[in-house]
Amino acid sequence: MNDIRIGFGVDVHQLVADRKLIIGGVDIPSDLGALGHSDADVLLHAICDAMLGALNLRDIGFHFPDTDPKYKGIDSSILLRDTFALIQSKGYRLGNMDCTIIAEKPKLNPHIPEMQKRIAELVNSEEERISIKATTHEKVDSFGERRAIKAYATCLLFK
Ligand code: ZN
């Protein structure tokens, strides 16, 4: 059973004016963007945590601390690529991942194929293995009021 591992990740970022909204490595036109030390890509961060969690390797903040100036404004694609390099160094590859993004606006569905393509490249996999879903929060709470966005990710790794 050590050959098949499951992992889960979740991430939240505050939405503010004058920031870009980058989700799944894709720059999405939006009046509000995500606040964070890095480029604040909520989906890539959740995926990093799911992959690290699958192999019990702590979390993204442990590997890429937000107190380190080296990571200020960093493209989170680099964080996912580095995370996956660690996963590969342990002899694992991706079985599949399933993710959900919670964002009231803008509509994310048109951008999902591009996110899948981008993520597949970063984790050396096929788009068919990268499931991304998007939903709103029905105008309720901080997510529904566009004060924040959230992403969940699960992933299966195998040797
Ligand atoms: Zn994050």
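Contact here means heavy atoms within 4.5 Å. With that cut-off, and leaving aside neighbours within four places in sequence, D11 is in contact with D41, V42, H45, A46, I149, K150 and A151. Before I go on, the ground rules. This is a predicted model, in which local features need pLDDT of at least 70 and side-chain atom pairs count only at pLDDT 80 or more, while totals for chains, interfaces and linings use all residues. Residues are numbered from 1 along each chain as its sequence is written, and side-chain values use heavy atoms, with hydrogens and water left out.

Now the zinc ion. Which protein residues are its donors? They are D11 through OD, H13 through NE2 and H45 through ND1, lying 2.0 Å from the ion. Donors are N, O and S atoms within 2.8 Å of the metal, or 3.2 Å for Na, K and Ca; water is not among the atoms, so sites may look incomplete. Along the chain the donors follow the spacing D-x1-H-x31-H. H13 sits in strand 1, residues 4–16, and H45 in helix 1, residues 42–54, so this pair ties together parts that are 32 residues apart in sequence. Helices (H or I, at least four residues) and strands (E, at least two) are DSSP runs, numbered from the N terminus.

Are the two histidines, H13 and H45, buried or exposed? H13 is buried at a relative accessible area of 10%, and H45 is buried at 8%. The scale is this: buried is under 20% relative accessible area, exposed is over 50%, and partly exposed is in between, with a 1.4 Å probe and protein chains only.

Back to D11, whose place is in strand 1. The D11 side chain makes a polar contact with the side chain of H13, at 3.0 Å. A polar contact is a pair of N or O atoms within 3.5 Å; within protein, one must be able to donate a hydrogen and the other to accept it, and residues adjacent in sequence count only if both atoms are side-chain atoms. D11 is buried yet has no salt bridge, and the nearest side chain of opposite charge, K150, is 10 Å away. For charge, Lys and Arg count as positive and Asp and Glu as negative; His and the chain ends are not counted. A salt bridge is a side-chain nitrogen of Lys or Arg within 4 Å of a carboxyl oxygen of Asp or Glu.

How many salt bridges does a search of the whole structure find? It finds 8. One of them joins D27 and K20, with the closest N and O atoms 3.1 Å apart; D27 is partly exposed at 44%, and K20 is exposed at 52%. Another pairs R129 with E126 at 2.6 Å, where R129 is partly exposed at 28% and E126 at 43%. Salt bridges that share partners also join K117, R118 and E121 into one network.

Last, the core. A nonpolar core is a set of buried Ala, Val, Leu, Ile, Met, Phe, Trp, Tyr and Cys residues joined through side-chain atoms within 4.5 Å. The largest one has 48 residues, and L43, I47, M51, M97 and I119 touch the most other members. Elements that each supply at least two residues include helix 3 (76–89), strand 5 (93–102) and helix 4 (112–122). Helix 1 gives the largest share, 10 residues. Leaving aside neighbours within four places in sequence, L43 is in contact with I23, G24, C99, I101, M115, I119, I132 and A151.
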